[in-house]
Amino acid sequence: DTYRALHPLITIIDEQRTTDFINSFLEIYKQSGRLPVWELASNETDCMIGYHSVSVIADAYMKGIRGFDTKLALEAMVASANTDLFGLPSYRKYGFVRAEDESESVSKTLEYAYDDWCIAQMANEMGEDSIADVFYRRAESWRNIINPETGFATPRINGDWIADFDPRQVNLHFTEANSWQYSFVQQLDYAFDPFKSEERVELKTKLDKFFSASDKTTGRTQSDITGLLGQYAHGNEPSHHIAYLYSDLYEGQEKMQSIINRICDSFYTSTPDGLIGNEDCGQMSAWYVLSASGFYPVSPGSNQYTVGSCQFDKVKFNLSNGQEFVIADNRSH
């Protein structure tokens, strides 16, 4: 989950470390044939999903960080996306991971589609149009797991939507989450058309229901699902970008700022239990650093940020190139 906020933060505060990370990724690719997923003590554990090294690489590239072999990096990204591991054959054949082919099929489909978008972004920027075209098409696979009748990310068995589906249920079709938490995919950042009023209304209505719903989940117990505001679970990272989706909606900015302020004030304290969930290698803290500074990368792999709610009178970032930028308090209260 560090691809969501920790690595984007490091591109700002420590460009050299970002470069070092990526060069390490590429050494692992040269020796193993794929980019790392979740290494521990120099061993690949594969304990999480997706191939999010590609997000880290694409995010750095799109922000002008180029201290690595970009051609080799794109090769490694494509190779990792084309392995036959963890439901990827099903994903490539059907446009989604079938539930009968792989556990956590919904989450894997959505994370794969996001990573494919990152590959397409970098390929497009490099002028590799044929690769970009392939992966932009693959990135649209997230649509195949969203039930158009309900708007929820839903498992599919034999091509059909699973029966008696409860979006609150925590089960093995999702990774440490439920459908409510996985239905607001990052891809909405480019799939959402801000000029279509009906899409704006639909998204705002769904966000309102998400944050105002009961905070009770059903199904299996999942210790990571903590810090609940409605069905939003700040203690687990698939929810981390969702409040920022209010940003471009009518009257959404004030609601977004209110939610962010509440999270910062309620779920981060200076006590030993000052994090509401699993720190997850720095992601939980990075969310706070960026959000408390007043901005957040909703879609790593682009060079855009969403303006949120600064928690301080002033925040100054000292950049690796000797420059700095300052953010002033923009809270409404």
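Glutamate 27 is partly exposed, its relative accessible area being 38%. The model in which this value was computed is a predicted one. Glutamate 27 takes part in a salt bridge with lysine 30, and the closest N and O atoms of the pair are 2.8 Å apart. Both residues belong to helix H2, where a spacing of 3 residues, about one turn of the helix, lies between them.

In total, 16 salt bridges were counted in the model. One of them joins arginine 98 to glutamate 100, with 3.4 Å between the closest N and O atoms. The two partners fall into separate classes of accessibility: arginine 98, at 19%, is under the limit of 20% and therefore counts as buried, whereas glutamate 100, with a relative accessibility of 34%, is partly exposed. A further salt bridge is formed between the side chains of lysine 108 and glutamate 102, at an N to O distance of 2.6 Å. Lysine 108 has a relative accessible area of 6% and is buried; glutamate 102 is likewise buried, at 17%. Salt bridges also link Asp1, Arg4 and Glu111 into a network.

Attention now turns to the nonpolar residues. In soluble globular proteins, nonpolar side chains tend to be buried together. The largest nonpolar core of the model comprises 50 residues, and the most contacts inside this core are made by Leu35, Ile57, Met77 and Ile119. Two or more residues are contributed to the core by each of helices H2 (15-32), H3 (53-62), H4 (70-81), H5 (88-94), H6 (105-125) and H7 (129-139). Of these elements, H6 gives the most, with 11 residues. The surroundings of methionine 77 illustrate the packing in this core. When neighbours within four places in sequence are left aside, methionine 77 is in contact with Leu35, Val54, Ile57, Ala58, Cys118, Ile119 and Met122. Another core, apart from the one described above, contains 38 residues, including Ile10, Phe184, Tyr246 and Phe295.

Helix H6 also contains asparagine 124. This residue has a relative accessible area of 40%, a value between the limits of 20% and 50%, and so asparagine 124 is classed as partly exposed. Beyond its neighbours within four places in sequence, asparagine 124 has contacts with Asp129, Ala132 and Tyr136. Asparagine 124 and phenylalanine 135 are 11 residues apart along the chain, and 9.8 Å separates their C-alpha atoms.

Rolling a probe the size of a water molecule over the atoms shows where empty space is left. The largest pocket holds about 710 Å³ of space. Its lining is made up of 33 residues, and Asp1, Thr2, His7, Val37 and Trp38 are those that lie nearest the centre of the pocket. Helix H1 (6-13), together with H2 and H3, makes up the set of elements that supply two or more residues to this lining. The greatest contribution comes from H2, which provides 5 residues.

Notes. Residues are numbered from 1 along each chain as its sequence is written. This is a predicted model: local features need pLDDT of at least 70, side-chain atom pairs count only at pLDDT 80 or more; totals for chains, interfaces and linings use all residues. Side-chain values use heavy atoms; hydrogens and water are left out. A nonpolar core is a set of buried Ala, Val, Leu, Ile, Met, Phe, Trp, Tyr and Cys residues joined through side-chain atoms within 4.5 Å. Buried means under 20% relative accessible area, exposed over 50%, partly exposed in between (1.4 Å probe, protein chains only). Helices (H or I, at least four residues) and strands (E, at least two) are DSSP runs, numbered from the N terminus. Contact means heavy atoms within 4.5 Å. On a 1 Å grid over the protein atoms alone, a cavity is a set of points where a 1.4 Å probe fits but cannot get out, and a pocket is an open set with protein on both sides within 12 Å along at least five of seven lines; lining residues have an atom within 4 Å of a point. Grid points are joined across faces, edges and corners, and a volume is the space filled by probe spheres set on the points. A salt bridge is a side-chain nitrogen of Lys or Arg within 4 Å of a carboxyl oxygen of Asp or Glu.
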